[in-house]
Amino acid sequence: AMALEWPAAKVRSTFIEFFQSKDEKEGKDGGHTFWPSSGVVPFDDPTLLFTNAGMNQFKPIFMGTVDPKSPLAPLKRAANSQKCIRAGGKHNDLDDVGKDVYHHTFFEMLGNWSFATYFKKEAISWAWELLTKVYGLAPDRLYATYCEGDVHKGGIVEPDEETRQLWLQFLPEDRVLKGNMKDNFWEMGETGPCGPCTELHYDRIGGRQVAHLVNQDDPNVLEIWNLVFIQMFRNKDQSLTMLPGKHVDTGMGMERITSILQQKMSNYDTDIFTPIFSAIQAKTGIRPYSGKVGKDDVDGVDMAYRVVADHIRTLTIAITDGAIPGNEGRNYVIRRILRRGVRYARQYLYPAGTNYEPGFFAGLTSKVVEILGGAFPELQNNPGTNMTPEKVAQVILEEEVSFLRTLDKGISQFEKFAAEDKASGKISGPHAFMLYDTFGFPLDLTVLMAEEKGMVVDKAGYEECMAEQTDKLAKELAVSPTDDSSKFSWVSKGSGPRVPATVKAVYDGKNFLQEAPEGELVGVVTDVTPFYAESGGQLFDTGKITTADGTVFVVSNVQKFGAYILHIGSLNSGSIKVGGKVDMEVDFERRALCAANHTSTHLLNWALRKVLAGHQIDQRGSIVGPDKLRFDFSYGKPLKTEELDEVQTLVRELIRTGSPVQRQEVALAAAKQVKTLRAVFGEVYPDPVRVVSVGPVAHTINDLLATPDKEDWMRLSVEFCGGTHMDNTAEAGTFTIISEEGTAKGVRRLTAYTREAARAAQDAAAEFEKRVDSAGEIKDVAALDAEISAMRMDVDAVVMDYVRKDGIKKKIDALKDRVLAAEKEQLKIKTEAAVQWAETLTVAEGTRYLVQVVDVDGDTKAVDAAMKALNARVPELPVILLSRSAGGDKVSGLAVVPASRAAQADAREWVNAALEHCGGKGGGKPDRAQGAAKDAAGFDKAVKAAQDFAAAKLK
């Protein structure tokens with residue numbers, strides 16, 4: 001493929017560099033300051049879901065409220081590319097993305113600002129100069145609009161005649177158009193700074209007059225740049241006052257200007273998106289992107305390409321900046337975007353017969369980092385949110401996995417319901433309820449899928465169904481609420497009784513049946529059950545329901561259904577009938593793993609409060625499964641390694657010494673009196689409530705109730721909890737924290753293992769420590785450096801004890817310091833040798849130029865030192881120095897042509913003539929150029945080429 005003249009990175013850097021050189025004094029007053037983009041998650045501005053314009057971070061300057069100590073205070077002018085998201089809230093482009101070729105939820109806004117320095121004249125002439133002289137756009141394709149005011153409608157804003165006259169220097173009258181107050185007058189809010197703006201529009205087609213298409217949503221006549229002149233203040237009574245300092249705030253859509261410069265008819269055809277499309281195609285094997293929309297996009301594949309590429313950019317950026325998929329506010333917007341993307345990919349990008357594997361979406365984040373990481377370095381590592389590309393991918397992966405569990409069956413069921421309900425335009429309450437009940441579709445997902453079909457969902461009907469189904473069990477079928485008290489009767493080492501029960505109902509999500517059909521996913525309700533239904537962060541039990549004749553119903557999920565417990569699963573063969581006698585068998589070994597993790601979560605909560613005493617540590621969520629435990633809590637900064645070490649040691653000590661775990665149901669009012677009790681903020685607890693207590697002080701729960709204020713109890717973990725726990729902490733075996741990270745502002749997350757998994761994570765750390773110790777024995781500096789790079793890659797990939805991982809990283813850093821010190825010493829020796837060589841080199845009388853090989857192992861700094869020494873001896877002589885490494889993997893070249901010989905040769909051409917034989921190239925200025933290459937096989941040819949060049953040009 002031909003190299004692009006305007007790759008996106010160049011479009012961006014050209015804009016910023018252009019303004020860095022511009023001010024009112026020909027660039028002598030410091031130009032525009034490059035001011036990095038703010039994050040897209042505006043933690044300090046509750047009115048905003050996401051940063052949606054370049055000026056958000058400069059609001060205090062415009063409002064006149066900037067703190068004199070703030071780094072913003074001295075700013076006169078600024079330029080940057082700002083990350084923006086418009087999804088949710090007032091500026092919501094989410095539902096349009098994919099349907100056309102110009103909507104995005106994430107986009108970049110190139111901007112330049114004047115803070116009471118320059119105003120309209122400079123802003124307009126620089127905009128014209130950048131577009132027509134630097135970017136080289138055809139002047140006859142540009143149109144400008146200005147504000148017509150509202151005086152003619154009895155208002156108080158005059159027409160912006162000044163702007164019109166400024167444009168007439170560059171454009172004919174029929175391309176300077178008046179615009180209304182909606183398009184051409186900007187206001188920050190109900191009150192506050194405001195002013196007229198001027199927009200530049202570009203005609204992609206050209207060779208025609210299309211003033212009538214400006215601002216008409218024609219994809220070929222598009223707005224590219226908006227220049228806002230903030231000159232007034234809107235008062236509470238709606239009157240306007242002129243501002244003492246007048247500001248300029250401009251915004252140009254990066255994706256749009258790039259598409260114009262790359263001569264593409266759509267933003268999605270530029271190199272901002274095509275590498276993501278290639279990655280999607282490589283992962284799915286679907287046909288290539290062809291840019292079709294609407295009815296032309298028959299198979300929906302092009303729309304899905306656009307949705308996935310847009311959404312993965314938004315997710316990567318937003319999660320890096322601290323948003324996290326969740327259930328409210330901006331986090332809910334992020335969850336919707338992720339689910340919308342996953343569903344499009346699953347439905348349209350996977351050809352028949354192929355499977356969507358979780359990780360498809362998460363795997364695309366690295367592509368986004370590759371494309372945008374240069375412009376926004378925080379994508380590679382954001383210290384403010386402690387997010388890295390690996391963590392972002394992990395967040396997305398977890399969300400993908402949980403959503404995909406039920407997606408497929410649910411999609412096909414939804415399609416059937418949508419067809420049935422099409423005439424009314426509304427997905428009925430019973431249908432929405434069945435999607436939730438059988439397929440785990442949250443109501444919001446059904447709403448989203450309905451929106452796409454131009455339908456709504458009967459939410460009130462959904463709520464009625466929820467109440468009605470539980471009523472139906474109680475009234476019509478006369479089923480009493482399930483008695484699940486036997487779930488607590490088991491031995492937590494991993495065994496428990498089979499519980500005889502009677503089948504009371506079989507439910508397929510729509511109807512109550514008399515028996516379970518073979519192979520179908522159904523829910524079974526029994527009179528009693530030992531199964532634990534998912535709640536309080538602990539995952540459901542699995543197991544089987546069997547009959548005397550050998551029928552097995554495999555239970556894969558257990559959920560609460562009002563006052564009933566629904567055992568969801570399927571029957572392979574045989575029969576399960578209402579009224580039939582069955583045995584309930586829980587997989588107690590799996591539950592034992594959950595219990596070890598659940599009790600250890602309580603111990604972790606307890607240890608955190610001890611170690612971080614003085615801080616309000618509140619639980620913000622937890623997930624307890626058979627494989628790991630995850631605990632989210634409120635705390636404003638990353639935990640130090642020493643703190644984590646202390647927490648981990650406290651938990652291990654309680655496990656090692658073995659404390660009995662006390663569990664008992666007690667009256668809520670009495671339980672709430674216990675001094676050390678931990679309840680989760682916002683939770684509603686049943687009465688009576690189950691209390692779980694454990695710790696290094698001998699006690700029973702009755703002791704706690706008898707003397708609730710006793711100081712000793714502060715040394716215990718006491719929580720309200722309906723989960724299943726170990727009988728004794730010793731059963732957890734051991735405990736290992738494997739990660740600590742931030743999930744949202746002020747919330748930290750710890751993930752940890754117990755039992756075998758924890759031992760494996762400790763062993764992995766021990767193995768790696770041995771590897772680091774062995775590396776310390778390596779004498780060869782280059783070999784040691786290579787092993788350090790390999791270890792730095794591997795250490796993050798290996799799941800291991802997090803505290804020891806930190807120590808391992810520090811040891812690796814110490815080895816790197818050793819390498820750097822050795823390299824510094826080697827460089828000193830090489831440099832001294834190079835200078836000595838240069839000072840003693842024989843230069844014969846009448847020599848016209850020098851082509852020399854320096855024996856410094858290809859080291860550029862040493863070559864540079866030799867050149868300096870030679871230039872001092874023979875300042876009027878053109879010189880080229882070449883050097884190669886002993887390993888043959890490095891060549892460096894440096895050429896100097898003094899001013900007196902400049903007419904004869906260019907140093908850049910000289911160095912390139914040599915290095916092209918080694919697959920390298922150089923750069924610099926005509927009088928001094930340097931370069932490097934990675935392959936010394938052609939070194940002798942390079943030296944000969946340098947001699948031939950000099951013989952021809954420098955005789």
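Here is a walk through this predicted model, from the whole chain down to a few single residues. Because the model is predicted, local features need pLDDT of at least 70 and side-chain atom pairs pLDDT 80 or more, while totals for chains, interfaces and linings use all residues. Residues are numbered from 1 along each chain as its sequence is written, and side-chain values use heavy atoms, leaving out hydrogens and water.

Let's start with the whole chain. It has 24 helices and 30 strands, taken as DSSP runs numbered from the N terminus (H or I, at least four residues, for helices; E, at least two, for strands). The C-alpha trace spans about 110 × 85 × 60 Å along its principal axes. Of the 955 residues, 52% are buried, meaning under 20% relative accessible area with a 1.4 Å probe, protein chains only. Take the contacts (heavy atoms within 4.5 Å) with a separation of 6 or more: 70% of them join residues 24 or more positions apart.

Grid points are joined across faces, edges and corners, and the volume is the space filled by probe spheres set on the points. The largest cavity holds about 70 Å³. Its lining residues, those with an atom within 4 Å of a point, include Asp437, Thr438, Tyr507 and Leu566. Two or more lining residues come from each of α12 (429–439), β14 (522–526) and β17 (564–571).

Next, look at Glu731, in the loop between β23 (717–720) and β24 (735–744). What Glu731 does have is a side-chain polar contact of 2.4 Å with Ser492. Leaving aside neighbours within four places in sequence, Glu731 also touches Met726 and Arg755, among others.

Another loop residue worth a look is Thr385, between α10 (365–372) and α11 (389–421). Thr385 is buried, at a relative accessible area of 14%. Not counting residues up to four places away in sequence, Thr385 touches Thr320, Asp321, Gly322 and Gly742.

Finally, helix α6 (residues 254–261) is mostly covered, with 7 of its 8 residues buried, including Met254, Glu255 and Leu261. Just after α6, Gln263 takes a positive phi of about 55 degrees.

Conventions. A polar contact is a pair of N or O atoms within 3.5 Å; within protein, one must be able to donate a hydrogen and the other to accept it, and residues adjacent in sequence count only if both atoms are side-chain atoms. On a 1 Å grid over the protein atoms alone, a cavity is a set of points where a 1.4 Å probe fits but cannot get out, and a pocket is an open set with protein on both sides within 12 Å along at least five of seven lines; lining residues have an atom within 4 Å of a point. Buried means under 20% relative accessible area, exposed over 50%, partly exposed in between (1.4 Å probe, protein chains only).
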